[in-house]
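Morning, everyone. I have one structure to walk through, and I'll keep it short.

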Amino acid sequence: MISLTQFFNTFIDTVIDVIPIATIIFGFQIAVLRKPIANLHRVILGFFYVILGLTLFLLGLELALFPLGETMAKQLTAPEFIYSFKDDITESLGWIDYYWVYLFAFAIGFSTTIAEPSLIAVAIKANQVSGGAIKVNGLRIAVALGVAIGISLGSYRIVVGDPIHYYIMGGYAVVIIQTHFAPKQIIALAYDSGGVTTSTVTVPLVTALGLGLASQVPGRNPVIDGFGLVAFASLFPIISVMAYAQITRWLNSRTSSKENDNAL
């Protein structure tokens, strides 16, 4: 349960964190623009709601998301759980024996990204400015698939202990190649899609999953191997969104070609 002292301390810390943002906004409005702030009482009330919401969110992270991610990682990597699916309990565990971890990472990456508020906002705006050419659900699913694949691959990296820079370098090599061939109108949005995934819902669970996984797999160091999943969650949506645009363009070109052939 949350104590009043814990809530109050988190609330004060949040106020201290928000003060620099408020100072910059109000300072530029008054000192640089020299204009009064419209609807001042509504702005102040809005800041209060932001502070209250952040306080409750931070408490929720400590009480729910972080423990949940670590608990799931520990349960899925427990030897008694893994050996319950093996016929020969004398065999040593290999990377393929952790397939439940990869499936969970895929599922949690997809579901948290679909629920990401920042992604929903970006998808709606992209749909509006493109005149409906970019579908809201299509973009959300493409980004979510990229995060899911990225986190699954990142979990595999933790299990096998490979250096992270090989994966990141290979991923950005794919991004560079895709950038050359992808439709120009989707490239900037694809790069932004990698950033909106590292937000309020995805990051806590992904970080907790990585730390829990690295602390349970034999031979892994949580400091060295536990972090880095967020990088996968940022990189692979860029690939998946550009792939989504390329596949859509290819399908549209095939449809147009068939229509032209039928017309002839």
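Predicted model: local features only at pLDDT ≥ 70, side-chain atom pairs only at ≥ 80, totals over all residues.

Start with a helix pair. Helix 4 covers residues 99-114, and helix 9 covers residues 202-216. Their axes come within 9 Å and cross at roughly 165 degrees. That is over 145, so helix 4 and helix 9 are roughly antiparallel to each other. The crossing of helix 4 past helix 9 is left-handed.

Which residues make the contact? From helix 4, we have Val-101, Phe-104, Ala-105, Ile-108, Thr-112 and Thr-113. Helix 9 brings Thr-202, Leu-205, Leu-209 and Leu-213. By class, the contact between helix 4 and helix 9 has seven nonpolar residues, three polar and no charged.

Next, the loop between helix 1, residues 4-32, and helix 2, residues 40-77. Two residues there deserve a look. Arg-34 sits in this loop. Its phi is positive, about 55 degrees, although Arg-34 is not a glycine. Arg-34 is exposed, at 68% relative accessible area.

Asn-39 is in the loop between helix 1 and helix 2 as well. Asn-39 is not a glycine either, yet has a positive phi of about 55 degrees. Buried or exposed? Asn-39 is partly exposed, with a relative accessible area of 45%.

Last stop, helix 10, residues 222-225, where we find Ile-224. Ile-224 counts as exposed, at 61% relative accessibility. Ile-224 and Arg-34 are 190 residues apart along the chain, and their C-alpha atoms are separated by 50 Å.

That's my tour. Thanks.

Terms used
Residues numbered from 1 in each chain as written. Heavy atoms only, no water. Axes fitted to C-alpha atoms, helices over the stretch in contact; angles between N-to-C directions. Helix = DSSP H or I, 4+ residues; strand = E, 2+ residues; numbered from the N terminus. Parallel < 35°, antiparallel > 145°, perpendicular 65-115°, else oblique. Left-handed = near helix turned anticlockwise from the far one by under 90°. Contact = heavy atoms within 4.5 Å. Nonpolar A, V, L, I, M, F, W, Y, C, P; charged D, E, K, R; others polar. Buried < 20%, exposed > 50% of the residue type's maximum accessible area, 1.4 Å probe, protein only.
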